[in-house]
Amino acid sequence: MSCARLEEVLRRPARAAAKLVLAFCLLSSVAPHANAMTVRKDLGGSVRERIVQVAHLSQTGAQVRIVGTCISSCTLLLGVPNACVAPSARLGFHGPSTRQNGLPLPRAEYERVSLQMASLYPPQIRNWFMATARKTTGDYILISGKTAIAMGARACD
């Protein structure tokens, strides 16, 4: 979704999270290094907000370099076309859950959000996520950047 579209949506009564996403969108579009993002330590957050971020970064052609710790919704950055992973990076995956103690979502929502998340991963990571990683909630499965690269993530130069 473009920044202009986000602004249009936010003219209506909006939640604070949506306003934060807009602020990120507007700041990143004028920041000196708007075409590059380096992930050193990102412990995740809202899947919905991260999907908006991935769409924005994809639309702007930004390069995303995952070089450090990238856990939870941060792993959705693999869906940015110009994303790459350093072999020394650490990525933590888990299935969708509520923000309260990692409680599972109702089954239909769990399936829907799992599919949304998986759609952003390279095919081999997508298959592994759907078969294994999404079954973990309240914790996460940590893999190295080297393993992510072996599973189809693009290696950073």
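User: Leaving aside neighbours within four places in sequence, which residues is Cys 70 in contact with?

Analyst: Contact means heavy atoms within 4.5 Å. By that rule, and with neighbours within four places in sequence left aside, Cys 70 touches Val 39, Asp 42, Thr 75, Arg 90, Leu 91 and Gly 92. This is a predicted model, in which local features need pLDDT of at least 70 and side-chain atom pairs count only at pLDDT 80 or more, while totals for chains, interfaces and linings use all residues. Residues are numbered from 1 along each chain as its sequence is written, and side-chain values use heavy atoms, with hydrogens and water left out.

User: Where in the fold does Cys 70 lie?

Analyst: Helices (H or I, at least four residues) and strands (E, at least two) are DSSP runs numbered from the N terminus. Cys 70 belongs to strand 2, residues 63-71. The C-alpha atom of Cys 70 is 7.6 Å from that of Ala 89, 19 residues apart along the chain.

User: How many disulfides does the structure hold?

Analyst: A disulfide is a pair of cysteine sulfur atoms within 2.5 Å. There are two here. One joins Cys 70 to Cys 74, with 2.1 Å from S to S. The other joins Cys 84 to Cys 156, also with an S to S distance of 2.1 Å. Cys 84 is in strand 3 (residues 83-85) and Cys 156 is in the segment after helix 6 (145-150), so this bond ties together parts that are 72 residues apart in sequence.

User: Which of the links is left-handed, and which is right-handed?

Analyst: The angle about the S-S bond goes with the hand. For Cys 70 and Cys 74 it is -110°, a left-handed link. For Cys 84 and Cys 156 it is 90°, a right-handed link.

User: Are these cysteines buried or exposed?

Analyst: Buried means under 20% relative accessible area, exposed over 50%, and partly exposed in between (1.4 Å probe, protein chains only). Cys 70 counts as buried because its relative accessibility is 0%, and Cys 74 is buried at 0% as well. Cys 84 and Cys 156 are also buried.

User: Which residues of the largest nonpolar core touch the most other members?

Analyst: A nonpolar core is a set of buried Ala, Val, Leu, Ile, Met, Phe, Trp, Tyr and Cys residues joined through side-chain atoms within 4.5 Å. The largest one has 34 residues, and those touching the most other members are Val 64, Ile 66, Leu 77, Leu 78, Leu 91, Phe 93 and Ile 125. Elements giving two or more residues include strand 1 (36-42), helix 3 (47-60) and strand 4 (90-93). Helix 4 gives the most, with four residues.

User: Where is Leu 78 found, and which residues is it in contact with?

Analyst: Leu 78 sits in the loop between strand 2 and strand 3. Leu 78 is classed as buried because its relative accessible area is 11%. Beyond four places in sequence, its contacts include Ile 66, Leu 91, Phe 93, Tyr 121 and Ile 125. Between Leu 78 and Tyr 121 the C-alpha distance is 5.8 Å, for 43 residues in sequence.

User: Is Arg 134 buried or exposed?

Analyst: Arg 134 counts as buried because its relative accessibility is 11%. Arg 134 is in the loop between helix 5 (123-131) and strand 5 (141-144). With neighbours within four places in sequence left aside, its contacts are His 94, Gly 95, Tyr 110, Glu 111, Ser 114 and Phe 129.
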